[in-house]
Amino acid sequence: MLKEYYTVKGEAVHEIDIQKSRFIAHVKRAESEEEALSFIASVKKKHRDANHNCSVYMIGEQNLIQKASDDGEPAGTAGVPMLEVLKKKDLKDTAVVVTRYFGGIKLGAGGLIRAYSKAASEGINACGIVKRTLTATFHVKLDYTWLGKVENALHHSPYEIKEIRYLGQVELDIYVKEGEQHAFETWISDLTNGQADVAEGEKLYLETDVAR
């Protein structure tokens with residue numbers, strides 16, 4: 001599993017007009033090729049009367065699944081430029097469909113490349129980009145006499161408190177970035193003179209909004 005990577009926040013639609021043609025960007029996170037293909041099919045069905053529904057997706061930790069379609073536009077003027085936008089923004093698990101309703105003015109190869117690139121880029125920005133960071137959840141139990149010191153230290157540390165439960169002992173769930181587990185265990189042990197009961201739990205990805 002990657003320690004961190006970038007993808008789109010969810011799903012969005014964004015429209016721009018260029019030389020009287022409508023370019024409608026549809027953007028969605030897709031974590032499998034099946035999900036991407038289903039999304040593309042749904043957009044094509046919705047805009048079956050459009051002149052073109054050009055699509056692209058890039059999926060997998062190593063971007064092993066990459067597909068681009070010009071859908072009737074001159075070869076290399078739509079799908080590939082959109083794919084380059086995904087690569088430039090370093091996005092994974094992302095699918096984009098740009099629907100074009102022709103407005104009567106031909107754009108030429110260069111104009112089409114710029115138009116599809118702009119539509120894809122603006123659509124992605126409208127959707128939003130997140131950084132997903134692989135994180136371990138640690139469960140910490142300690143006596144109430146340690147709570148003030150530990151809670152204050154955590155607020156000034158790189159670790160994030162997920163939850164505090166006030167039971168027979170205080171129980172804290174704490175997020176720790178992948179690769180920092182040993183450092184955290186040493187840190188919490190030193191902080192509590194070895195009085196904390198520490199156990200590593202599940203791993204998950206935490207998301208933070210970013211601008212790219």
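1. Start with helix α3, residues 108-127. In this predicted model, α3 lies across β2, β3, β4 and β6. If you compare directions, α3 runs at about 145 degrees to β2.

2. Five of them make an open sheet, and the order to trace is β2-β3-β6-β4-β5, with antiparallel pairing. At the edges sit β2 (11-18) and β5 (65-69), each of which pairs on one side only. Going from one strand to the next, the twist averages 15 degrees. If you're wondering what holds such strands together in general, strands of a sheet pair through backbone hydrogen bonds, either parallel or antiparallel.

3. Zoom in on one pairing. Strand β4 covers residues 52-59 and is joined to β5 by five bridges, the two running antiparallel. To find a spot to look at, pick I59: its bridge partner in β5 is I65. Helix α1 (residues 33-46) packs on the sheet too, touching β2, β3 (21-29), β4, β5 and β6 (94-101). The direction of α1 makes about 165 degrees with that of β4.

4. What about the inside? The largest nonpolar core has 28 residues. Those with the most contacts inside this core are F23, M82, L86, V96, V98, Y116 and I124. At least two core residues come from each of β1 (4-8), β2, β3, β4, α2, β6 and α3. Which element gives the largest share of this core? That would be α3, with seven residues.

5. Are F138 and F184 buried or exposed? Both are buried. They also belong to one aromatic cluster, made of F138, Y159, F184 and W187.

6. Next, a hairpin. β8 connects to β9 through three residues. Strand β8 (residues 160-166) and strand β9 (residues 170-177) run antiparallel and are joined by six bridges. For a landmark, take E160, whose bridge partner in β9 is Y175.

7. Most residues other than glycine have a negative phi. You'll find D90 in the loop between α2 (79-88) and β6, and D90 counts as partly exposed because its relative accessibility is 36%, between the cut-offs of 20% and 50%. N193 also has a positive phi, near 55 degrees. Its place is the loop between α5 (181-191) and β10 (197-210). N193 counts as exposed, because its relative accessibility is 58% and the cut-off is over 50%.

Definitions and conventions
Residues are numbered from 1 along each chain as its sequence is written. This is a predicted model: local features need pLDDT of at least 70, side-chain atom pairs count only at pLDDT 80 or more; totals for chains, interfaces and linings use all residues. Side-chain values use heavy atoms; hydrogens and water are left out. Two strands pair if DSSP finds at least two bridges between them. Helices (H or I, at least four residues) and strands (E, at least two) are DSSP runs, numbered from the N terminus. Axes are lines fitted to C-alpha atoms, for helices over the stretch in contact, and angles run from 0 to 180 degrees between N-to-C directions. Contact means heavy atoms within 4.5 Å. Buried means under 20% relative accessible area, exposed over 50%, partly exposed in between (1.4 Å probe, protein chains only). A nonpolar core is a set of buried Ala, Val, Leu, Ile, Met, Phe, Trp, Tyr and Cys residues joined through side-chain atoms within 4.5 Å. Rings of Phe, Tyr and Trp (its six-membered ring) pair if their centres lie within 6.5 Å; planes under 30 degrees apart count as stacked, over 60 as edge-to-face and the rest as tilted.
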